[in-house]
Protein chains: 2
Amino acid sequence: MTTLDDLLNPRSIAIVGASDDPTRIGGRPLSHMIRQRFAGPVYPVNPKRDRVQGLQAYPSLAEIPDGIDFALIAVPAPLVAEQVRLAAARGAKTALIFSSGFAEAGAEGARLQDEVAAAGRAGGIRVLGPNCLGLFNAEAGFYPTFSSTIDRATPVPGGISIASQSGAYGSHIYMASHARGLGIRYWVTTGNEVDVSTPEVIRLLAEHDDVHTIMAYAESVKDGPALVEALETARANRKPVVMMKVGRSAVGAAAASSHTASLAGEDAVYDAVIRQHGAWRARSTEEMLDLAYAARPRIYPAGRRLGLVTISGGAGVLMADVAEAEGLDVAPMPEQSQAEMRAILPFAAPRNPVDVTAQLFNDLSLIPRFTRTMLDRGGYDGIIGFWTSVAGSPILGRPLLAHLTETMADYPDRLFLHVMLAPEEIRAAYEAAGFPCFEDPSRAVIAMGLLMRFAEAFAAGRPEAPPLPAPADLGAGPLGEREAKRLLAAAGLPMVPDRLATTPEEAAAAARALGGPVAIKLASPDIAHKTEIGGVALGIEAPAAAAAAHERIVAAARLARPEARVAGTLVSPMVSGGVECLLGARNDPVFGPVVAFGLGGIFAEVLRDVSLRRAPFGPAVAREMIAGLKGAALLAGARGQPPADLAALAATISRFSAFAAANAHQIESVEMNPLRALPEGCLALDALIIRREDPA
Amino acid sequence: MTTLDDLLNPRSIAIVGASDDPTRIGGRPLSHMIRQRFAGPVYPVNPKRDRVQGLQAYPSLAEIPDGIDFALIAVPAPLVAEQVRLAAARGAKTALIFSSGFAEAGAEGARLQDEVAAAGRAGGIRVLGPNCLGLFNAEAGFYPTFSSTIDRATPVPGGISIASQSGAYGSHIYMASHARGLGIRYWVTTGNEVDVSTPEVIRLLAEHDDVHTIMAYAESVKDGPALVEALETARANRKPVVMMKVGRSAVGAAAASSHTASLAGEDAVYDAVIRQHGAWRARSTEEMLDLAYAARPRIYPAGRRLGLVTISGGAGVLMADVAEAEGLDVAPMPEQSQAEMRAILPFAAPRNPVDVTAQLFNDLSLIPRFTRTMLDRGGYDGIIGFWTSVAGSPILGRPLLAHLTETMADYPDRLFLHVMLAPEEIRAAYEAAGFPCFEDPSRAVIAMGLLMRFAEAFAAGRPEAPPLPAPADLGAGPLGEREAKRLLAAAGLPMVPDRLATTPEEAAAAARALGGPVAIKLASPDIAHKTEIGGVALGIEAPAAAAAAHERIVAAARLARPEARVAGTLVSPMVSGGVECLLGARNDPVFGPVVAFGLGGIFAEVLRDVSLRRAPFGPAVAREMIAGLKGAALLAGARGQPPADLAALAATISRFSAFAAANAHQIESVEMNPLRALPEGCLALDALIIRREDPA
């Protein structure tokens with residue numbers, strides 16, 4: 001446990017700015033805790049009253065006779081820092097600050113916020129907030145929050161917990177969960193996050209045995225590595241984290257100058273990192289709640305084979321459509337088993353979806369028989385049953401449940417979700433038996449798919465990071481193509497060979513030595529965009545033509561950029577065939593070095609078809625990146641081309657990620673572009689390294 | 001009105017196979033109608049009883065003394081045709097057949113089904129079913145259905161209606177609607193559709209004044225043009241049709257041999273046609289219900305400008321994310337108005353999303369003031385308010401509603417949707433005031449977007465079809481490239497010119513006459529795939545080289561296909577520049593000629609990036625096709641290229657659609673591929689026409 005644990009389970013609490021009026025900000029938490037019977041002492045601090053809501057009040061933190069574990073501060077912003085100091089002096093481990101008027105309110109507020117932060121650090125006290133709605137621990141009756149939702153919806157026990165940067169949105173998730181009967185154990189809002197952050201709270205929740213599912217909401221994350229650690233802690237403890245990160249549409253002003261940086265906005269990095277570390281980025285609030293709901297039985301199906309059993313052929317097709325879109329495998333039943341099922345029920349469509357037809361009304365025993373056949377012979381990891389209002393029928397609903405309960409007791413590792421329209425009490429009976437129920441068939445399929453993905457993520461565990469090379473010696477001078485290529489080649493990355501020609505004669509000699517057509521490019525550490533100034537000649541065959549090209553290129557460079565240093569030209573063999581790719585890395589301000597891989601040309605530029613991952617990572621993750629491209633078929637040998645050597649490509653991407661990670665302190669961005677994926681191996685034809693302005 | 005109107009509003013009904021047991025198939029409809037007080041006479045037909053469920057029974061249809069409007073038939077399949085004949089003889093306009101055991105049960109059933117169809121045609125009686133769950137007209141108490149859902153959920157009045165091929169799924173939609181308080185006026189299931197089809201029912205509903213929204217479900221449509229007419233009828237009457245068409249994942253075995261046919265499975269044609277004719281293909285059942293629910297105020301916002309007002313900044317961002325993904329315009333407030341709003345509330349974020357913050361708790365009058373400013377100055381067509389549980393608060397919920405009601409009375413053409421968590425009675429009050437309410441913010445945005453799309457579809461009206469050319473004279477011989485080019489050029493389509501060379505000398509002369517590099521291709525009506533046999537030479541400069549290429553090509557053709565007729569070669573100028581596209585059309589078995597337009601090469605083959613539309617259509621629709629491509633940016637001048645001449649391209653696509661429509665009776669598929677989209681105009685370099693085997 002981190003020391004942050006005192007956040008959720010303090011022994012005592014002081015409320016600075018406590019109000020006798022239970023509808024006021026300083027009154028609500030006190031009122032909640034009195035009603036919810038918080039076991040520890042609660043000390044209202046209010047210099048104007050002897051008693052507050054029936055409890056003895058104190059004029060200041062200093063005058064509370066006993067020790068304080070937790071200080072709730074609800075006084076105007078300019079007075080907060082002093083209260084934090086006092087709380088620290090009285091031994092409090094946490095200060096929770098409701099007050100607004102800090103960084104969100106302008107420059108003066110930002111100054112006050114810095115002061116609060118300094119007071120917390122100096123006093124060795126953790127600070128939650130300011131400008132936050134507080135938290136609760138439902139089991140302990142600990143309610144340091146002024147959210148009015150608690151009055152209208154008293155938390156019920158359960159293993160789901162919420163970490164939310166936004167108070168209002170956090171309340172919304174809480175209320176919506178409550179309305180669905182989802183028990184919320186811990187609820188923490190972090191507001192301005194002067195100290196305690198959403199990632200830290202996620203990690204704290206992941207470490208608590210009484211939490212089994214975590215819903216999180218964030219607008220921004222300051223400390224990317226902390227989020228990674230939090231997600232990996234949850235993964236290690238087999239707890240799904242479903243995270244709503246808003247801001248997909250904000251294009252993000254990451255104004256890095258390199259080409260790679262422009263390919264994917266910051267938001268796409270969140271997408272990649274959340275997935276890479278075994279969590280799920282919710283596409284909607286509803287999806288987040290659906291996942292938490294469907295995870296209640298804590299069954300994570302071991303594979304993606306989905307069985308569908310239905311009383312409506314159409315609903316079966318509908319669910320199969322969704323399953324395919326979500327990447328699930330609606331595998332058919334074995335032929336032999338289909339024949340057996342048809343022998344039981346001639347009208348059945350037993351392939352999968354398995355349509356038991358309206359015959360179900362006459363013979364409920366079809367369900368256990370067919371279910372067992374599907375699980376035993378079809379080997380499905382999860383099953384969804386479409387019963388619509390039949391399950392809600394007063395005659396059939398409960399007998400069907402009895403059959404299902406008895407059957408599934410023999411398959412504790414398989415999940416059975418149900419689509420039904422039923423009165424509340426029947427639905428509750430299904431849920432109590434471990435059967436989540438949905439009204440909408442699509443949502444059932446999506447929830448099943450998410451649980452299957454979590455099972456995969458749990459099984460995969462934290463990806464092993466490749467060993468990092470020693471940081472490269474960049475030297476002091478500018479980094480041209482030649483230097484970039486040399487550095488990458490030295491790190492074991494496949495670079496087309498080249499020869500420096502300082503005279504036309506050397507260019508001719510190089511062309512002769514390399515044989516076949518060559519590319520000749522300006523060698524200047526000061527000129528990055530060579531094509532634009534006439535600094536590139538391709539497909540040069542004869543040595544004499546190479547000499548002429550050298551002269552032309554050097555002259556063009558002198559003309560265009562008289563001040564630039566010109567070393568001569570680089571002569572390298574033309575590489576034909578293969579698929580043009582790009583491989584780049586840049587330092588994301590939140591997550592550090594992030595690798596982008598995509599197909600070259602229109603794929604990257606027009607279609608933004610690029611996979612991202614946080615560096616470093618191994619070849620297995622690189623394989624996922626390749627497979628995740630929309631244009632992946634091109635690498636598999638589309639259009640009559642031989643397939644690319646994916647093993648070599650993945651190894652290169654992984655090694656490149658290690659290079660980027662090892663040099664993140666001194667390199668802002670690095671590219672191998674174009675990178676040709678060849679039938680055997682792969683080869684970069686150009687390279688670019690941009691140094692960090694402020695080496696870390 | 002079509003004569004089908006008697007389907008929904010008959011004056012009398014006979015039930016053949018009526019049962020005294022109200023839980024049996026032949027007993028349920030009778031029981032429903034007795035309880036729901038159907039006004040017309042109901043005649044049970046049961047040879048074994050004098051009375052059925054208290055009504056006088058008749059031994060056969062023949063012995064009912066009065067006329068019959070509607071015959072419900074629930075007897076075993078082999079007996080059905082005879083009953084249809086009898087019903088027709090007694091003057092019934094409709095026969096509804098519950099019985100199964102027809103085409104769905106194999107060959108013998110199919111034979112019986114044909115017999116039923118013949119009986120219906122011969123007797124001039126419309127047949128609904130067989131193998132269907134029946135229908136209802138809630139207003140009239142007319143319940144010829146054996147669905148048990150009616151017992152558990154008695155329909156409430158309302159203007160939403162349902163047409164469903166599937167009985168079980170139709171019941172599910174009905175029950176889910178009922179659970180949401182949506183009044184269903186008519187509900188019709190069509191089963192095997194031996195006669196009455198889903199499209200016909202949609203059209204019938206679209207013609208009924210008491211229907212304002214139509215939900216439809218189909219697994220397959222036999223008569224595509226009927227669906228088109230139904231959708232256009234609904235559009236003309238400003239009624240949204242939201243259609244669930246399942247089978248997206250079934251790749252479809254359209255085994256047409258031409259290249260175009262392989263680009264988009266049949267399912268994509270449904271997608272295109274439903275959208276082209278102003279309806280919406282539901283992505284989920286939930287979305288279908290959400291649309292029907294949100295359409296209840298019958299306000300279709302005139303544009304896509306969406307205002308967002310929220311008490312949670314995060315929820316505002318979340319909704320903006322969804323809005324962007326759905327193609328809505330979250331336009332900012334004018335600067336001046338932002339300043340005014342900030343003057344009212346300094347902490348407000350007034351850009352749009354407009355965040356009124358928790359200040360709302362203290363001053364509800366912010367809402368009418370901000371709302372008016374947003375509507376007057378921001379000009380939003382619709383607004384979504386995120387109130388979460390605040391609207392559900394016993395103190396704030398109703399005063400907020402009063403403010404909203406008063407304000408929106410001045411803006412009858414703007415729609416205001418609400419995101420809230422509230423007790424049923426508060427929610428009902430909002431709904432009664434014309435304010436649909438959602439729990440999930442994403443769903444609110446999506447529903448708003450659908451209503452905006454319907455407004456556009458209603459305003460656009462039925463697209464004008466271009467005039468069709470006279471059908472082409474295909475002649476009797478085979479259609480090679482040369483003939484295909486000639487036919488398309490004759491129809492005014494831009495084709496690269498070519499010259500037929502029958503000798504090497506003629507090839508040289510043609511190259512000389514054309515000047516510049518030429519392409520030389522085998523001219524043989526019997527060989528479609530020229531490249532594979534060495535029948536193409538590109539970029540030939542010198543006349544002598546042209547002569548040699550001619551000789552080589554003709555020799556290669558004789559070697560590869562000695563039996564093929566070889567006319568010589570076609571010599572045409574090389575066309576450089578522009579963007580390679582493909583344009584094709586084929587006869588869809590359901591919808592007739594369908595045009596496919598896409599970018600060439602990897603876009604079409606690897607990414608399946610193709611737009612489809614039913615032919616014929618005008619240039620405006622062609623523009624939509626172009627804009628709908630993922631790679632559309634390439635035509636707009638990406639990668640430093642000049643933009644393509646989109647007006648010329650759209651005119652060509654439209655004209656091509658007219659050609660395809662005019663020749664659908666004799667042409668199976670036609671292609672202009674590649675079609676180069678040039679900075680000025682466009683030009684096809686090759687063409688292919690495949691004749692219909694069975695000219696219609």
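I started with Q56(A), which lies in strand β4 (residues 55-56) of chain A. Strands here are DSSP E runs of at least two residues, helices are H or I runs of at least four, and both are numbered from the N terminus. A note before going on: this is a predicted model, where local features need pLDDT of at least 70, side-chain atom pairs count only at pLDDT 80 or more, and totals for chains, interfaces and linings use all residues. Residues are numbered from 1 along each chain as its sequence is written, chains are lettered from A and ligands numbered from 1 in the order in which they are written, and side-chain values use heavy atoms, with hydrogens and water left out.

Next I looked up how open Q56(A) is: partly exposed, at a relative accessible area of 45%. Buried means under 20%, exposed over 50%, and partly exposed in between (1.4 Å probe, protein chains only). Leaving aside neighbours within four places in sequence, I found Q56(A) in contact with P44(A), D50(A) and R51(A); contact means heavy atoms within 4.5 Å. From Q56(A) to A294(A) I read 45 Å, C-alpha to C-alpha, and 238 residues in sequence.

Then I turned to S284(A), in the loop between β13 (280-281) and α9 (285-294) of chain A. S284(A) is buried, because its relative accessible area is 14%. A polar atom of its side chain lies 3.0 Å from the backbone nitrogen of E287(A). Not counting residues up to four places away in sequence, S284(A) touches M244(A) and, in chain B, D440(B) and S442(B).

Notes
A polar contact is a pair of N or O atoms within 3.5 Å; within protein, one must be able to donate a hydrogen and the other to accept it, and residues adjacent in sequence count only if both atoms are side-chain atoms.
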